There are 4 protein chains.
Amino acid sequence: MPIVMTAEEMTDFLGEVFPQIEGMFSIDRLEEELLVMRLHAAEQHLRPGGTVSGPAMFALADVGAYVATMARIGRQALAVTTNCSIDFMRKPAAGADVLGEFRLLKLGRALSVVDCLLYSEGQAAPVARASLTYSIPPARQG
Amino acid sequence: MPIVMTAEEMTDFLGEVFPQIEGMFSIDRLEEELLVMRLHAAEQHLRPGGTVSGPAMFALADVGAYVATMARIGRQALAVTTNCSIDFMRKPAAGADVLGEFRLLKLGRALSVVDCLLYSEGQAAPVARASLTYSIPPARQG
Amino acid sequence: MPIVMTAEEMTDFLGEVFPQIEGMFSIDRLEEELLVMRLHAAEQHLRPGGTVSGPAMFALADVGAYVATMARIGRQALAVTTNCSIDFMRKPAAGADVLGEFRLLKLGRALSVVDCLLYSEGQAAPVARASLTYSIPPARQG
Amino acid sequence: MPIVMTAEEMTDFLGEVFPQIEGMFSIDRLEEELLVMRLHAAEQHLRPGGTVSGPAMFALADVGAYVATMARIGRQALAVTTNCSIDFMRKPAAGADVLGEFRLLKLGRALSVVDCLLYSEGQAAPVARASLTYSIPPARQG
């Protein structure tokens, strides 16, 4: 499905609806086939040893699935995560940003499903994978 | 399986291994049948409207599953989450702490599995459920 | 939420909508707090060694979540599973039926969420746990 | 990681360890980047309307993740599924085989993680996605 918001519009929208995460994430690429989002490695997301924490990776997966959905249906602050399954597979590289690659698998009337692979920047093997379902409220405002 | 650490010992241990989450969580009950942990509602975990965010609930589920496992095998900073599946079912109550009830379903040589129900304090219906798998490194230190 | 179908009515309904699974499952208990369903151990569900297969346990989890939902909203052949997360924790006992205990965690307008623990009959420790989400079509027929 | 068994060797091995599923599945492609397995649409896997059932799709995901793992480590009848998360996204096409595309995301000492997309043959949009974790017993026999 085609993208109806630019990366800039999406960044502004995220700043409005989730002011708490300002500066934590940014959009590297927003295209129909692939969304790439970045989690900026920062002190509060790190575990001892300098690796990004599990909850910070979950937060990246969650916001990316939201962006992948909103980019098709427009500004919908009310869409909510209903399910996430996440596998942590490798220790992230110390001090590196985490990049999330997101692919929209389904966009139905009521639900969207997004698949996600997370990588430490500069490494080939993924650190985690996740799949997320968002529930989209019935009355869509474009 | 019997509990080998008190809530106080566990709290000290969490402060050592996860200094970043100091003050975010506390242990309400640590018993063989049931662990209850509390996520203190604080500005940085809130969404617009004052409800606790999904990533903060994930963080509670993750730390509680860790505590439920460590409480049986003793201090093991190296145990890592390998999988989490979480369902968000209801909007948390504005401004309320979130309580997590944790039950250990399995403690094997290599893996533990923990089930979790999350509630807004004072409400009967759960806001989320989660199940988590932790991988336990081969050499256990008691 | 109250139960609106008896175990007998439900059994008849399952026979109509899923004729292929006739004889594979039965309802041991259908109450508001707890549904118990039984997977009859039979040759085609067994792995070498006589243990019930993973797909047969998944099938039990799936049909039980359907029954737990239908028992509240009445005959709705069109409800469909949208997500299942299942953890296999122990090897089932050879030749034993598998019992599933089901608890409805949520029944919303569009989605139901059901938690499930699976046991080999006669054993205390669960062999598997699962959580399932069913999507309920908009027009409910009572 | 390189493949150490051919499709023919794998088919023979599956016939030995899972005689019950003989004829249900076959291997279309077994390559390092991608495994494709086929679920043959047959009466006992169908729901009313002629669509493949959820448990049959789960069974395909489960056997494919096993094959993707075994193809790297050799004949290991003892590897067991520990977790599966599956999203059912679209109704399968009536009467069509279901094809599963499997990608190995991790092969560690103790666990493998496999991602899977399921398609009705001849259709572009996936009917389901799944991720599975297999536990690999410590003593590997090559």
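Of the residues of chain C, C:S85 comes closest to the rotation axis, at 2.1 Å (C-alpha). That axis relates chain C to chain D in this predicted model. Superposition is by least squares on the C-alpha atoms of residues with pLDDT of at least 70 in both copies. Chains C and D meet through the same surface, because 100% of the interface residues of chain C are also interface residues in chain D.

Residues are numbered from 1 along each chain as its sequence is written, while chains are lettered from A and ligands numbered from 1 in the order in which they are written. The model being predicted, local features need pLDDT of at least 70 and side-chain atom pairs count only at pLDDT 80 or more, whereas totals for chains, interfaces and linings use all residues.

Chains A and B were treated likewise. A rotation of 180° with 0.0 Å of shift along its axis superposes chain A on chain B (RMSD 0.0 Å). This is the relation of a two-fold axis. In chain A, the residue closest to the rotation axis is A:S85, at 2.1 Å (C-alpha). Here too, 100% of the interface residues of chain A are also interface residues in chain B, so the copies meet through the same surface.

The contact draws 19 residues from chain A and 19 residues from chain B. Residues are in contact if their C-beta atoms, placed from the backbone, lie within 7 Å. On the side of chain A that touches chain B, α2 (54-73) and β3 (80-88) of chain A are the elements that give two or more residues. Helices (H or I, at least four residues) and strands (E, at least two) are DSSP runs, numbered from the N terminus. The largest share of this side, nine residues, comes from β3(A). By class, the side has 10 nonpolar, seven polar and two charged residues. Ala, Val, Leu, Ile, Met, Phe, Trp, Tyr, Cys and Pro count as nonpolar, Asp, Glu, Lys and Arg as charged, and the others, Gly among them, as polar.

β3(A) pairs with β3(B) (residues 80-88) in the antiparallel sense, over five bridges. Pairing requires at least two DSSP bridges between the strands. A:N83 stands opposite B:D87 in β3(B).

The helices also meet. A:G54, A:P55, A:F58, A:A59 and A:D62 in α2(A) contact B:G54, B:P55, B:F58, B:A59 and B:D62 in α2(B). This contact has six nonpolar, two polar and two charged residues.

Notes. Contact = placed C-beta atoms within 7 Å.
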